[in-house]
Amino acid sequence: MHGQQGLGAMAEAHQAVGFQFTVRPDGVDFKLSQEVITNICQAGLTVWKKRAIQFKNGILAGVYPASPSSWLIVVIVMMSSLYTGMDPSLGIMHTIKENMPLRGYISVQTSAVLSAVVFASALWLFLIYLLRYTLKALLSYHGWIFESHGKMSTSTKVWLSLVKMFSGRRPLLYSFQASLPRLPVPRVEDTIRRYLESVRPLLDDKEYKQMEFLANNFKYSEAAQLQRYLKVKSWWATNYVSDWWEEYIYLRSRGPIMVNSNFYIMDLLYVTPTHRQAARAGNVVHAMLQYRRKLERGEHAPLRALGTVPMCSTQMERMFNTTRIPGIETDFVQHLSDRKHVVVYHKGRFFQVWLYTGGRHLLPSELETQFSRILNDTSEPQPGELKLAALTAGNRVRWAQARMKYFSQGVNKASLDAVESAAFFLALDDEPQGYDAMSNSLDHYAKSLLHGKCYDRWFDKSFTLISYPNGKMGINAEHSWADAPIVGHMWEYVIATDCFHLGYTEEGHCKGDVNKCLPQPSRLQWHIPKECQNVIETSYLSAKKIADDVDFLAYLFSAFGKGLIKKCRTSPDAFIQLALQLAQFRDQGEFCLTYESSMTRMFRDGRTETVRSCTSEAVAFVRAMEDRQTTNKQRLALFQKAADKHQNMYRLAMTGSGIDRHLFCLYIVSKYLGVNSSFLKQVLSEPWKLSTSQTPQQQLNLMDINKFPNYVGAGGGFGPVADDGYGVSYIIVGENLITFHISSKFSSPDTDSWRFGQHINKAMMDIQTLFQASNNKKTAGESVMQLNNDKKHM
């Protein structure tokens, strides 16, 4: 009789048998695999080393802005006082000594030392909290953000020096979390005043009076009660908005998240480090593992405005090992601890690839080997496997029901668990994408990242990394767990590590020796019955209908960029937002409610706030641009006034004095209390026909654009928010380039992304001409590169 048991199912053991035993008549014969035991020991040591580093960094962040060594200094000072006869504790140490337990069993000298240590520790903790609350009070001041660009008052300089002094040295990623102020709840009167001001240019006199009546009625009736409950929440919650925002805006939505919620980020615009798909994926995945290791240890430097004012890092915690799990009424975000595998999709097959061996990350060359094996695999998809991921692209209720019915047990559950617990999802596409220089177009690339084939992305994962045959990469990110700047932070690190640290051989392969002893990637097994295949096909068809309806235009505006705009002494963001208002009016013949995303990460657990860009000042400027009787001097004055207004609103949003998050939370409270508010219903039902966002860049300053001008990203984008509106994302790249990503729906007879792009081009040039005429200077750059006039949307 023979028996065998393997411990080598782990990837770290190279799928070898850890030990064997054979039952013989004279006993049992054991055989141990030295390689496997060595790998297991190395893996164990790595785990304990990781825990030790996390523990150490947790302490460093926990006592910040002090340091553990400062405790020793305080203890030494207190103990020294015992020998000098001085008592800096004013009798407290003596009281501690007299009331110490077991005082009769220890010597007088020992009790004196213990009382000094106890008092010093208490004093040290008190000083830590004093430093934290002092820093929190300093960070609650936001006057600096309202000062003119390039000008800093004396009070702000003093404040900045104090912040630097109380911020300590070498902070870790989460060091400032306890010192960040809480998001303040604005006064109802202020929010309503700002709201009425924001809708005034969009309503005629009769409509405005009706809205004013509803707003005032709300202010003097229901508002006080709702505001009280919101104030109470703000006292005990770290942020009175973020948890409700995640739940009600994202997780409770029952519609498809593909296109409607998920967003994408593109690769480098001009540079492709290697055209070998497996090699590029190997470097990028290895760089992501390096980023994750630093993230789990809290070793990334916190992002700081002006290099001093810290931003909240909470959203980064769920970047990896995270999946949105579907539910009947609401989804939930599942975040797991360190996971050692990634799931790879290629031509309808799902593969599990282990990321560690012998307690270390797989090297780029080893990852390249694994991905090459998948690319060379010629096996066919199992029945229902090809379009399985379409379930994540369709209706959430249908997906939740299918998950409970068909994926709750057996091989389907094991395989689904592998997908949902993976570090992230990797899609190896079979069609090349990237910037088309001939047509100045990124359209197909954008649509591929946004929705792909509707079944080749796992839209529920925190992010899907997408690899193309020509070496290009990209990301599709789920939105509930974090906002675009968080994913962008990781992507900047990965791209810089890939290009400037890891590199490639002359043949385009990953550097390093090729380890052919790695275990083969394992196929995930599925047993999908015909009934489930029908559900998958239904989800696919509904998702394909959504994807086919997306009218996308992504292109480069190269006539001028940030450099010229700043010479005009105006904010680049305000310049573009006013150009969008001018383009919107020329495209639609009317103004509309406009959404611009602003961050609130200067507060604990902050996410976003809305800037309502269509102001009365912006409307006056646009009308002046369309009025031939208005002089350029008058237009320029109106532009400056509108730009200043926009900047002020953006700053108010960043500092907790926005409009929409406050009204949203008041609405949620009203629903909990059963209060029926006509005003809040009206506000929350208003459509955002123009939804805009600026993609941040150079958050890490790892790539000097001036030194490496070709190493610039193309930004990212999102789908249309309204059925009859536009979604516009833009990234200001360096000094001379702006990239626009415009989305709308073919099904809307009123919108056309290409047409809107043309209007944006002309609006940008027309505004720039105002400054040219004013300064009597030659236009910087040549005329904007025109889009192909023969381009047609299918």
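These legends walk through several close-up views of a predicted model.

**View 1. Strand β22, covered on both faces.** Let's start with a strand that is mostly covered: eight of the eight residues of β22 are buried. In a regular strand, side chains alternate between the two faces of the sheet. On one side of β22 sit Tyr726, Val728, Tyr730 and Ile732, and on the other Gly727, Ser729, Ile731 and Val733, and all are buried. Strand β20 (residues 690-694) runs parallel to β22, and five bridges join the two. Look for Ser691, which stands opposite Gly727 in β22.

**View 2. The hairpin of β22 and β23.** Here β22 pairs with β23 in the antiparallel sense, over seven bridges. To find your place in the pairing, pick out Ile732, whose bridge partner in β23 is Ile738. Three residues lie between the two strands of the hairpin, and Gly734 takes a positive phi near 60 degrees.

**View 3. Aromatic pairs, starting with Phe320 and Phe463.** There are 38 aromatic pairs in the structure. In this one, the ring centres of Phe320 and Phe463 are 5.6 Å apart and the planes are at 80 degrees, so the pair counts as edge-to-face. Phe320 belongs to the loop between β6 (309-310) and β7 (322-325), while Phe463 is in strand β14 (residues 463-467), so the pair ties together parts that are 143 residues apart in sequence. Buried or exposed, these two? Both Phe320 and Phe463 are buried.

View 4. A pair of aromatic rings is described by the distance of the centres and the angle of the planes. For Tyr730 and Phe740, the centres are 6.3 Å apart and the planes sit at 45 degrees, so this pair is tilted. Tyr730 comes from strand β22 (residues 726-733) and Phe740 from strand β23 (residues 737-745), ten residues apart. Tyr730 has a relative accessible area of 0% and is buried; Phe740 is buried too, also with 0%. Zoom out and you'll find Tyr730 and Phe740 in one aromatic cluster with Tyr555, Phe557, Phe560, Phe575, Phe621, Phe639 and Phe771.

**View 5. Two arginines over aromatic rings.** Arg200 lies over the face of Tyr208, at 4.5 Å from the ring centre. In a second example, Arg523 lies over the face of Phe351, at 5.6 Å from the ring centre.

**View 6. An open sheet of eight strands.** What is the order of the strands in this open sheet? It goes β16-β10-β9-β13-β14-β15-β4-β21, with mixed pairing. β16 (522-523) and β21 (716-718) are the edge strands, each pairing on one side only. Phe263 has Phe718 in β21 as its bridge partner.

**View 7. Helix α10, mostly hidden.** Helix α10 (residues 277-297) has 21 residues. From first C-alpha to last, α10 reaches 30 Å, close to the 30 Å expected at 1.5 Å a residue. Of those 21 residues, 18 are buried, so α10 is largely enclosed by the rest of the structure.

**View 8. Ser613, a buried loop residue.** Where is Ser613? You'll find this serine in the loop between β19 (608-612) and α19 (616-626). At 3% relative accessibility, under the 20% cut-off, Ser613 counts as buried. Its side chain makes a polar contact with the side chain of Glu596, at 3.4 Å. Leaving out residues up to four places away in sequence, Ser613 touches Gln577, Gln581, Thr594, Glu596, Ala618 and His646.

**View 9. Ala120 in helix α4.** Ala120 lies in helix α4 (residues 108-139) and counts as buried, at 0% relative accessibility. Which residues does Ala120 contact, leaving aside its neighbours within four places in sequence? Those contacts are Val74, Val75 and Met78. Take Val75: Ala120 and Val75 are 45 residues apart in sequence, yet their C-alpha atoms are 5.1 Å apart in space.

Methods
Residues numbered from 1 in each chain as written. Predicted model: local features only at pLDDT ≥ 70, side-chain atom pairs only at ≥ 80, totals over all residues. Heavy atoms only, no water. Helix = DSSP H or I, 4+ residues; strand = E, 2+ residues; numbered from the N terminus. Buried < 20%, exposed > 50% of the residue type's maximum accessible area, 1.4 Å probe, protein only. Polar contact = N/O pair within 3.5 Å; in protein donor to acceptor, adjacent residues only side chain to side chain. Contact = heavy atoms within 4.5 Å. Expected span 1.5 Å × (residues − 1). Phe/Tyr/Trp six-rings, centres within 6.5 Å; stacked < 30°, edge-to-face > 60°. Lys NZ or Arg CZ within 6 Å of the ring centre and 35° of its normal. Pairing = 2+ DSSP bridges.
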